[in-house]
Amino acid sequence: MKTKFTEVVLLTKSYNLQDFKDWLHWHLDIIGFDCCHIFDNESSVDIKSVCNSYGDRVTYELVKGWPNQYALYNRYINNESSAWWVLPIDDDEFLYVSDKYHNNVNEMLMNVSIQHKDWNKICVGWRNLFPKEYIEERTNPHLILNATGWSDEASEIWQNGNRPVKTFVKTTQKYEYSDRLNHCTHDPLINGIVKWGNTLDGNIVNHSWQLKPTSNNVDIMLYHYQFKSNKEWIEKCLNRKSPGCKTFQKNFPELYKKLYGTYKINEDNRAVNLWNK
């Protein structure tokens, strides 16, 4: 039985407790998801106690060893979620909802559900945010306050830049997160069939990517804080593994430095302004 309207789902192997606290605070207290499910892949910090502080708004599940992200999503979203709309994202991704919807995910989804009754998926474009100037280590403990710089050109150096999407799914359908048919890791199959999702601004989605980078004027966006500092990027490259593939490696330690020096870096303060409200 569906008792909630919206849920955000996170698989994490957290190493920074403040980042995890900020992620939960942002999505539950600021953006307004009804509930959240956490898959804890043996984090090195105590995130369970943070989850417990939210009472029944957050459910917690410990996952040991290699987590198999696709299998976890397929099992939980199809069979266990109590929400009508679910968004699975990562711990360095923060959903932004514009002032048009009073920065509230429920208001946005209710509006879209009325306007587009036949939509089962809503794709949300990435925007990589990083410190506006090169830093070796973070001095601000909050991801959102640490990073306000962005550049479509600079972001293209890694993983399709600002063109990837993550996807809200309406749990009236059966979804399959997999690479079985093309690339359906962020925009899942519906009932075994490839049917790409829609973005609110009409940007064409194919194989979990938009044809063009996320527009500056969209009403929903995923701010992606993967580039936190040079030190954290190097540590991520050396130590973090992919939850979707046992053999995938992210060992490209020079990438963070390449963001700077060549590209014009713009500034986006919308998340900062909302955080400070």
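The legends below describe close-up views of a predicted model.

**View 1. Helix H1 and its two ends.** Where the helix starts, a side-chain oxygen belonging to Asn 16 comes to within 3.0 Å of the backbone nitrogen of Gln 18. Just after the helix, Gly 32 adopts a positive phi of about 95 degrees. Among the buried residues of H1 are Phe 20, Trp 23, Leu 24, Trp 26, Leu 28 and Ile 30, and the buried set also includes Asp 19, Asp 22 and His 27.

**View 2. Leu 17 in helix H1.** Leu 17 belongs to helix H1, and this residue counts as partly exposed because its relative accessibility is 27%, a value that lies between the limits of 20% for buried and 50% for exposed. Leaving out residues up to four places away in sequence, Leu 17 touches Val 45, Asp 46, Ile 47 and Val 50. A further pair to find in this view is Leu 17 and Ile 234, which are 217 residues apart in sequence, with their C-alpha atoms 19 Å apart in space.

**View 3. Asn 120 in a loop.** Asn 120 sits in the loop that runs between helix H4 (105-115) and strand S6 (121-128). With a relative accessible area of 18%, Asn 120 is buried, since buried means under 20%. Apart from its neighbours within four places in sequence, Asn 120 is in contact with Trp 85, with Phe 168, Val 169, Lys 170, Thr 172, Gln 173 and Tyr 175, and with Ile 190.

**View 4. Ser 229 in a loop.** The loop between strand S14 (220-224) and helix H7 (230-239) holds Ser 229. Ser 229 counts as buried because its relative accessibility is 1%. When residues up to four places away in sequence are not counted, Ser 229 touches Ile 135, Glu 136, Glu 137 and Arg 138, together with Tyr 256.

View 5. Rolling a probe the size of a water molecule over the atoms shows where empty space is left. The structure holds one cavity of 30 Å³ or more, and the volume of the largest cavity is about 50 Å³. Its lining is made up of Cys 123, Gly 125, Thr 199, Leu 200, Asp 201, Gln 210, Thr 214, Val 218, Asp 219 and Ile 220. Sorted by type, the lining residues of the largest cavity comprise four nonpolar, four polar and two charged.

Conventions: Residues numbered from 1 in each chain as written. Predicted model: local features only at pLDDT ≥ 70, side-chain atom pairs only at ≥ 80, totals over all residues. Heavy atoms only, no water. Buried < 20%, exposed > 50% of the residue type's maximum accessible area, 1.4 Å probe, protein only. Helix = DSSP H or I, 4+ residues; strand = E, 2+ residues; numbered from the N terminus. Polar contact = N/O pair within 3.5 Å; in protein donor to acceptor, adjacent residues only side chain to side chain. Contact = heavy atoms within 4.5 Å. 1 Å grid on protein atoms, 1.4 Å probe; cavity = no way out; pocket = protein on both sides within 12 Å on 5 of 7 lines; lining within 4 Å. Points joined across faces, edges and corners; volume = space filled by probe spheres on them. Nonpolar A, V, L, I, M, F, W, Y, C, P; charged D, E, K, R; others polar.
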